[in-house]
Amino acid sequence: MVGMDMDSPLPESWEEARARRERERERETERNELLQSQVDRPTRIVAIGGGTGLPMVLRGLARRATPKAGDPGVDITAVVAMSDDGGSSGRLRRLHGALPPGDIRNCLVALAGGKSALKDVFQFRFGGARGLAGHAVGNLLIAALAELKGDFLEAVRMSGELLGARGNVLPCTLASVQLVAQMHDDTEVVGERNICRAQGRVRKVSLSPRSPPPVDGLLEAIYAADLVVIGPGSLYSSLLPNLLVDGVAQALKETRALKVMVANLMTQPGETDGMSCLDHVQAVREHVGPVLDAVLVNGTEPSPEAMRRYGRRGSFTVNVDTRELIAAGVVPVRADLLKEGSRIRHDSRKVAACLLKMARSGL
């Protein structure tokens, strides 16, 4: 037949064309409903970490949590590592078999926002050399509530209500876990406080027992999130332990949320000596696979005097090579994240503003 290319598709029938248009309308409706739902409801953010980095993120987000005209607010879920065995938390673990409350306490206080006498009480730490010395009141209160109710999660919830926390705090697991590190010299170090004291670089960490079960609601929060933020914080002792809980890595791979790491400003002596931003990203990938979409990095140089002071303690700025990050499949987002002052710290307001912009724009 003249003029017919046998390799070309046949013209679609009227019924096929109608079906195609109907599918396109359905897809457009779904897209509009998704966009509308994001406008009408709070932005859902899951923040994962521990130590001092996670409370910094939460303080900034808590200021934006309450809905107001033109802003639906933020629905915050903090996920906290439970391998701490030092200080007050460690003593409560060893003497009473309690789960470590210290990082939980700091996150609840960060979400409370503002100034209140109760926040000060929660953070008050007893002095002296015996008995209650070194214990934070909030740690004792959470441990007491957990023993009274027979439920650590309920103790956390009640403490959040007392403080008026503008978000939820979840321990990553309710199992009693220890952090185990394989060092570069092939030695094994057990316990977070011992890892912090150990000399040499960490090669890999794991939890004992391995793959502990996630706390109820954790995986569901990750799947429902618009944004999952990991860090900043101690790579091996605050960030990775959360990701080693059973099901968390898989949920991060499957969720539609944007997954962002907030890069550390400085290396941590004895834990991340000489590690670049790419090294941090690769460490996450080596432990749990490709779960990061982007990394938020500081674009403002600290003062030379501050860098010299930190350098004397063995802490140096984390090198960021944007081309290396892009080649590794992670999008670098650079912004001014530095807090004013003599210390090299993230500014919680600046970090929160960037994260919300990324969550609501898709990047």
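The model is predicted: local features need pLDDT of at least 70, side-chain atom pairs count only at pLDDT 80 or more, and totals for chains, interfaces and linings use all residues. Residues are numbered from 1 along each chain as its sequence is written, and side-chain values use heavy atoms, with hydrogens and water left out.

Start at strand β8, residues 258-262. Strands (E, at least two residues) and helices (H or I, at least four) are DSSP runs, numbered from the N terminus. In β8, 5 of 5 residues are buried, meaning under 20% relative accessible area with a 1.4 Å probe, protein chains only. Leu258, Val260 and Val262 point one way from β8. Lys259 and Met261 point the other way.

Now look at the partners. Strands pair if DSSP finds at least two bridges between them. Strand β7 (residues 227-230) pairs with β8 in parallel over 4 bridges. There, valine 228 has lysine 259 as its bridge partner. Strand β9 (residues 294-298) also runs parallel to β8, joined by 3 bridges. Methionine 261 stands opposite valine 295 of β9.

The largest nonpolar core has 100 residues. Such a core is a set of buried Ala, Val, Leu, Ile, Met, Phe, Trp, Tyr and Cys residues joined through side-chain atoms within 4.5 Å. Val228 is among the members that touch the most others, as are Leu58 and Ile104.

Key
Buried < 20%, exposed > 50% of the residue type's maximum accessible area, 1.4 Å probe, protein only.
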